[in-house]
Amino acid sequence: MNARRRGQPIGGRAEGVVEADETDPQPAAAKDPLTLRELDAIGVERLNGVGPHRRKALRDVGVESVFDLITYYPRRYVDRTAQAPISEATVGAEITVVADVASASSRRLRGGRQLVSVEVGDASGSMSVVFFNQAWRERQLAEGLTVALFGKVENYRGRKQMTNPVVDLLGDRTGKIVPVYPQSETAGIATWDVASWVAEARRRCSPRGIADPLPRWLRTRLGLTERSRAFADIHEPSSMANRTTARNRLVFDELLRVQLVLRSQRLAREAHELGIAHDPSGNLVDAFHRRLPYALTGAQQRTMAEIDADVSTVRPMHRLLQGDVGSGKTLVALHALLVAVQNNHQGALMAPTEVLAEQHFIAVRALLDGFEVPDGARLSGTRPLNLRLLSGSGSATHRREVLVEIATGTADIVVGTHALLQESVKFGSLSVVVVDEQHRFGVSQRARLRESGRDDRRLPHLLVMTATPIPRTAAMTVYGDLDVSVLDELPPGRTPVVTHWVRGPLAAEAMWSSVRTEIEAGRQAYVVCPLITESESLDARSAEQMHAELVAGSLAGLRVGLLHGRMPSADKESVMARFRAADLDALVATTVIEVGIDVPNATVMVVLSADRFGIAQLHQLRGRVGRGSHSSACYLVSDDDPTPTAVERLTALYESSDGFELAERDLELRGEGTLFDERQSGRSDLKLASLARDLHWVQAARDAATELIEADGDLDDHPALVDEIDWFSSRRDSDYLQRS
């Protein structure tokens, strides 16, 4: 890279030739606007004031390129046109005050608490600000700093005061609306540093401007501003209305990029992949439906019809099956597997844990007991349907026997764990694959199972299932390349689960008394702990310690088992077998029982340290009871003083049993990061868009992607968009999008 004079425009030499990536053999003309690809190739060290130390600090907060910097958006804004002078601040009101720090001091209170007292003032008067147990505020709020304080105004000894307000450091910046950027005390980055670097980046980009790949007709239809204007107004808005207009455009850009990549991948897959066409009607599937002791729900019937339509073509099925706990996903999956078997092919069901695989095997075996399939080699013309289990445990002899049956095609349906992914596993004719709890498997793992099925490169149909309800906005964004089916009805016979929030020793004592009463009536109970062994950093009780305490105390005299992920496979299987057979009254376990465990006689779920779990996990745990005809209860035991966020989570569980409603609430509380667990180490695609708030723009981006691509089957008429999504795909974690 050639040396550059300080302050020279980014992306071009003084003589007007673009300074592009050295690997680019065809640099663009200097007059062309800068693309996001080019901005991403320019390191932040090219900006004034960003030396090695600052560069490292920026890298620590995920900013390495000019693109990263201009998309490091303000977290909020201080509207200095609407700020209240201290003299007019009304006691009891929540307001923003912009003032200068006059002094800061600290002292220790009784009980070891630290109190920091700060005096602030503006032209109209002064007030005190106090912080409890925030000793670092004394260093942060140095004399002379201008700060924005948001909080409730109190009257303390005749003076106005704020306690623990939200603090934004403004430096000496002026302006009507001041952006406040995410700051890092650890990295040593203040909001005014970011503001100055962003301003310089925008100034040095201005000679060429920033390219806008959206067609004018699409911008006009959606009422979107130009991209350059959006970047200007998101960082330095002249009004909050302009800031909203800018956000709308940049939110749409983020969502459209995701949708275009997903849509392109789907069309490419459909154009090149070849599957196996099945006849979904037949005696085996009909007999299975006739034998069921209860009627299917409307949602199950609808989903089975969608699967039948998928597998009847040579285009491989790629379908996501969402279903709340107890909604009957296993029956739908078994329907798909039996379609494969009755068409003389094989089916495979992969689960993430041995406990869950064993549970599926037992449930499927009971449902298929006595079923036969055609076999011309036998005088009778039929043979028993062959269901096999393949996991990491079991003898070598048993494993060799199962592998031979899988390879020869005599194993009709195979239930297994990651063991199905090993190179030694070769299917004779695999045509339908079901992956349960799909979010626990990587894309490469799912693809490996599909590709192990046949030598003629015809890919099996894929059904991925999740018992974790996904908000509609997230499903449209994260799974945009999959067809989505939703089981939103519960089968008849499921009993409601009464949820109790247990706080304090007296409530806990009453809870254990209720658990004993239920067990003495012939029922069973789960007790879930968040840890296996004690941790010095967490005071949550471990499963091992709780098991010992219950055996000696609240559940003394009862048969109490222990189950956690570090136990040998044979021991885990033995414990679960005893619990299913009601040889154990209670099971103390970690979250290994979170999904798939089905013991209808278990009617009590106790979750200890429930405030340490997320909403989705608690809902899954609650779903382990209420699976029979008896009334069931779930006890959520929290610390005496849970955090405000934990209170919101537990309140949501207490108030609702609807998994999809809880998923939306979880999204609001925790943000998009919870949706993308497979790629947490990568850079986020949604820096500004919120799936919880931007449903309108999610739908608009989805519709626009469909229109842009499917009008001609590709994006050839929009080369700027092609370049942008190619760049976008190359810089992101592929496991998030490539769900094929």
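Biologist: Where does Ser-391 lie?
Modeller: Ser-391 sits in the loop that runs between β14 (387-390) and α13 (396-408). Helices (H or I, at least four residues) and strands (E, at least two) are DSSP runs, numbered from the N terminus. This is a predicted model, in which local features need pLDDT of at least 70 and side-chain atom pairs count only at pLDDT 80 or more, while totals for chains, interfaces and linings use all residues. Residues are numbered from 1 along each chain as its sequence is written, and side-chain values use heavy atoms, with hydrogens and water left out.

Biologist: Is Ser-391 buried or exposed?
Modeller: Ser-391 is buried, at a relative accessible area of 12%. Buried means under 20% relative accessible area, exposed over 50%, and partly exposed in between (1.4 Å probe, protein chains only).

Biologist: Which residues is Ser-391 in contact with?
Modeller: Neighbours within four places in sequence aside, Ser-391 is in contact (heavy atoms within 4.5 Å) with Glu-354, Arg-399, Thr-417 and Ala-419.

Biologist: Turning to the sheet, what is the order of its seven strands?
Modeller: The open sheet has the order β6-β7-β4-β3-β2-β5-β8, with mixed pairing. Two strands pair if DSSP finds at least two bridges between them.

Biologist: Which strands stand at the edges?
Modeller: β6 (154-156) and β8 (166-169) do; each has a single partner strand, so one side of each lacks a neighbour in the sheet.

Biologist: How many bridges join β4 to β7?
Modeller: Three bridges join β4 (residues 125-132) to β7 (residues 159-163), and the two strands run parallel. Val-130 stands opposite Thr-163 in β7.
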